[in-house]
Amino acid sequence: LICPKELALLTGKRKIGIMGGTFDPIHIGHLVTAEAVRIEYDLERVLFIPAGHPPHKQGAVVTSPLHRYIMTIMATCSNPSFTVSSMEIERPGPSYTIDTIRTLVEQYGGQTELFFITGADATGDLPTWNNIEDLLDLCHFVGATRPGCISMIDSVIQQFGTKGRQRIHRLTTPELEISSTDIRERVRKGRSIKYIVPEAVEQYIIREGLYRA
Ligand code: ATP
Ligand code: MG
C-alpha cells in the first residue's frame, strides 16, 4: 500500500481538503484539525463547506445557514489556505456529502484528489453515510483523532476492507475537547466562549444574539 502523500507525489495530482460540518458555530477544534490535516497531507487548500440542512440533525434547531456561513468566513479568512463554499447552503434538500463530492469531482476534474476531513465521532459514523461505497471511490477520508480514539477509526477501516485501507486514513491530532453543542450551552448560560472560537466569531454571536434562547 502507498500512503496518499507518496501517491500524490508520484502522480503529481492536486490535493484539496474538504471540511464539512454544521459549524453552529465554527470553533477552534475545527480550525486546528483542518490545519493539521492540510500540513500533514500537503493540501493545496481546505474548503470549508457549511451544511445547508444537515441530514443527521433533522428535528434539531439549527441556526440559519447565513449566520453559520458568515461565521465560517470570519473564522477562516486569516488563513490563505482556507476557503469557504456556499454550495451546500444553496442546494435545496438534505445536505448529503455524496452530492457535494460529485459536484467537486466535476468541478476539479479527475486529476484532483479530494480529502474529506472528519473528527473521530464523524469517522465512526461513516458506515451510516448515504452512498458511502461510492463516496470512498471518489475521495479519501481523514479521521483526525487523539490517541485514545484510534481503535474506533481502525475498526471502521477494517469494516470497509480493501477500500477502507486505501481510502480511510487516520491522523493523530492534538484534539481539543470543544464542541459546538458546548459553545451554544455556554452562551445560553452566559458563560465565556473567549479563545474557544475566533474573536470575530465571538463578537458576531454577541452582536446577533445567537444561542441565547
Ligand atoms: P455539534 O456539537 O453541534 O455536533 P461539532 O462541534 O461536533 O458540533 P460539527 O459541525 O458537527 O461540530 O462537526 C464538523 C466536523 O468537525 C465533524 O467531522 C466533527 O467530527 C469535527 N469536529 C468537531 N469538533 C471537533 C474537535 N474539537 N476536534 C476535531 N474535530 C472536530
Ligand atoms: Mg457534531
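Okay, housekeeping. Since the model is predicted, local features need pLDDT of at least 70, side-chain atom pairs count only at pLDDT 80 or more, and totals for chains, interfaces and linings use all residues. Residues are numbered from 1 along each chain as its sequence is written, chains are lettered from A and ligands numbered from 1 in the order in which they are written, and side-chain values use heavy atoms, with hydrogens and water left out.

Let's start with the rings. A pair of aromatic rings is described by the distance of the centres and the angle of the planes. Here, rings of Phe, Tyr and Trp (its six-membered ring) pair if their centres lie within 6.5 Å; planes under 30 degrees apart are called stacked, over 60 edge-to-face, and the rest tilted. How many aromatic pairs does a search of the whole structure find? It finds 6.

Take Tyr41 and Phe115. Their ring centres are 5.5 Å apart and their planes sit at 35 degrees, so this pair is tilted. Tyr41 is in the loop between helix 2 (28-40) and strand 2 (45-50), while Phe115 is in strand 4 (residues 112-119), so to speak a link between distant parts of the chain, 74 residues apart. When I say helix or strand, I mean DSSP runs numbered from the N terminus: H or I with at least four residues for helices, E with at least two for strands.

Are Tyr41 and Phe115 buried or exposed? Tyr41 is buried, and Phe115 is too. Buried means under 20% relative accessible area, exposed means over 50%, and partly exposed is in between, using a 1.4 Å probe and protein chains only.

Now Phe116 and Phe141. The centres of these two rings are 5.5 Å apart with planes at 45 degrees, so we call this pair tilted. Phe116 belongs to strand 4 and Phe141 to strand 5 (residues 140-145), so the pair ties together parts 25 residues apart in sequence. Phe116 is buried, at a relative accessible area of 5%, and Phe141 is buried at 0%. There's also a cluster: ring pairs link Phe23, Phe48 and Phe82.

On to the ligand. Which residues are closest to ligand 1? They are His27, Asp121, Leu176, Ser180 and Thr181, out of 21 residues that surround ligand 1. A residue makes that list if one of its heavy atoms lies within 4 Å of the molecule. Strand 1 (14-21), helix 2, strand 4, helix 6 (120-125) and helix 10 (180-188) each give at least two residues to the shell around ligand 1.

Let's look at oxygen atoms of ligand 1. One is 2.4 Å from an N or O atom in the side chain of Thr181. For Asp121, a polar side-chain atom lies 2.5 Å from an oxygen atom of the ligand. With Thr22, a backbone N or O atom is 2.9 Å from a ligand oxygen. On its own, ligand 1 has 600 Å² of accessible area, and the protein covers 89% of that.

Next, the backbone. Most residues other than glycine have a negative phi, and most peptide bonds are trans. The peptide bond from Asp24 to Pro25, though, is cis, with omega near 5 degrees. You'll find Pro25 in the loop between strand 1 and helix 2.

Then Asp42, which isn't a glycine, has a positive phi of about 55 degrees. Asp42 is in the loop between helix 2 and strand 2, and Asp42 is exposed, with a relative accessible area of 51%. Tyr211 isn't a glycine either, and has a positive phi of about 65 degrees. Look for Tyr211 in the segment after helix 11 (199-208); Tyr211 is buried, with a relative accessible area of 10%.

Last stop, some distances. Ile49 is in strand 2 and counts as buried at 0% relative accessibility. From Ile49 to Gly164 is 115 residues in sequence and 24 Å in space, C-alpha to C-alpha. Ile101 is in helix 5 (residues 97-108) and is buried, at a relative accessible area of 0%.

Terms used. Polar contact = N/O pair within 3.5 Å; in protein donor to acceptor, adjacent residues only side chain to side chain. Areas by Shrake-Rupley, 256 points an atom, 1.4 Å probe, with all protein chains shown as cover.
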